[in-house]
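Reader: I have a model open and want to learn how to read it. Where do we begin?

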Amino acid sequence: MANVTVSRVSPEKMRKIRVFSGGPVPSYISLDYRLQEGFIYRIARDDEPESSMFKKLLRAKDSTIVSEFAGKRIVREPVPIAKEEPLRLELMHFIQCVQARRTPIVSGASAKLALDLAFEITRQVAAAQRGGTA
């Protein structure tokens, strides 16, 4: 199951995706595209000791933390993310491709398919709001 949250009207700027997995090791992945950070949450193994309060307070963003929550020991692991400005990277890649006469990582055909999908989602949301069928 996945939950994507985007809002144009909320006073809080937000671009997040959350993914829940019920596999052999149930987990929850939270990615914040605006802050460019992410965490994986899972149930701790028996051999993983609970983190000290000192570690929890001082290194909360960049290290693995094991905490007790609702009677279960939960592990929070940071997702390694190189913080970059996505639009800048996209434009730099485009310029490099033009200069070197290379094919971009994302082709025009792939970009059109993504745009078609976005339009189809918009169409289905609008149809649902009107009470029609998607």
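Author: Start with the rings. Rings of Phe, Tyr and Trp pair if their centres lie within 6.5 Å; planes under 30 degrees apart count as stacked, over 60 as edge-to-face and the rest as tilted. Keep in mind that this is a predicted model.

Reader: How many aromatic pairs does the structure hold?

Author: It holds 3 aromatic pairs. One of them is Phe 20 with Tyr 28, which is stacked, at 4.8 Å centre to centre and 25° between the planes.

Reader: What geometry do Phe 39 and Tyr 41 show?

Author: In general, a pair of aromatic rings is described by the distance of the centres and the angle of the planes. The centres of Phe 39 and Tyr 41 are 6.4 Å apart and the planes stand at 50°, so this pair is tilted. Phe 39 is buried, at 8% relative accessibility. Tyr 41 is partly exposed, at 27%. Ring pairs join Phe 20, Tyr 28, Phe 39 and Tyr 41 into a cluster.

Reader: Which charged residue lies over the face of Phe 39?

Author: Arg 76 does, at 4.4 Å from the ring centre.

Reader: Now the strands. How does strand 4 pair with strand 3?

Author: Strand 3 is residues 27–32 and strand 4 is residues 37–43. They run antiparallel, joined by 6 bridges. Ile 29 stands opposite Ile 40 in strand 4. The two strands form a hairpin with 4 residues between them. In the turn, Gln 36 has a positive phi of about 55°.

Reader: What pairs with strand 3 in the antiparallel sense over 6 bridges, from residues 15–21?

Author: That is strand 2. Lys 16 stands opposite Asp 32 in strand 3. Strands 2 and 3 form a hairpin too, with 5 residues between them.

Reader: And how many bridges join strand 4 to strand 6?

Author: There are 5, and the two strands run antiparallel. Strand 6 covers residues 72–78. Ile 43 has Ile 74 in strand 6 as its bridge partner.

Reader: How do I read a salt bridge?

Author: Side chains of opposite charge can pair when their charged atoms come close. Here the count comes to 4 salt bridges. Among them, Glu 77 pairs with Arg 42, the closest N and O atoms being 3.3 Å apart. Glu 77 lies in strand 6 and Arg 42 in strand 4, so the pair ties together parts 35 residues apart in sequence. Glu 77 is partly exposed, at 22%, whereas Arg 42 is buried, at 11%.

Reader: Where is confidence lowest, and where is it highest?

Author: Helix 1 (residues 53–58) is lowest, at a mean pLDDT of 63, and helix 2 (residues 86–100) is highest, at 92. The protein averages 83, and 85% of the residues score at least 70. Where pLDDT is low, the predicted coordinates should not be read in detail.

Reader: What span does helix 2 reach?

Author: Its 15 residues reach 21 Å from first C-alpha to last, close to the 21 Å expected at 1.5 Å a residue. Just after helix 2, Arg 101 takes a positive phi of about 55°.

Methods:
Residues numbered from 1 in each chain as written. Predicted model: local features only at pLDDT ≥ 70, side-chain atom pairs only at ≥ 80, totals over all residues. Heavy atoms only, no water. Pairing = 2+ DSSP bridges. pLDDT = per-residue confidence, 0-100. Expected span 1.5 Å × (residues − 1). Phe/Tyr/Trp six-rings, centres within 6.5 Å; stacked < 30°, edge-to-face > 60°. Buried < 20%, exposed > 50% of the residue type's maximum accessible area, 1.4 Å probe, protein only. Lys NZ or Arg CZ within 6 Å of the ring centre and 35° of its normal. Salt bridge = Lys/Arg side-chain N within 4 Å of Asp/Glu carboxyl O.
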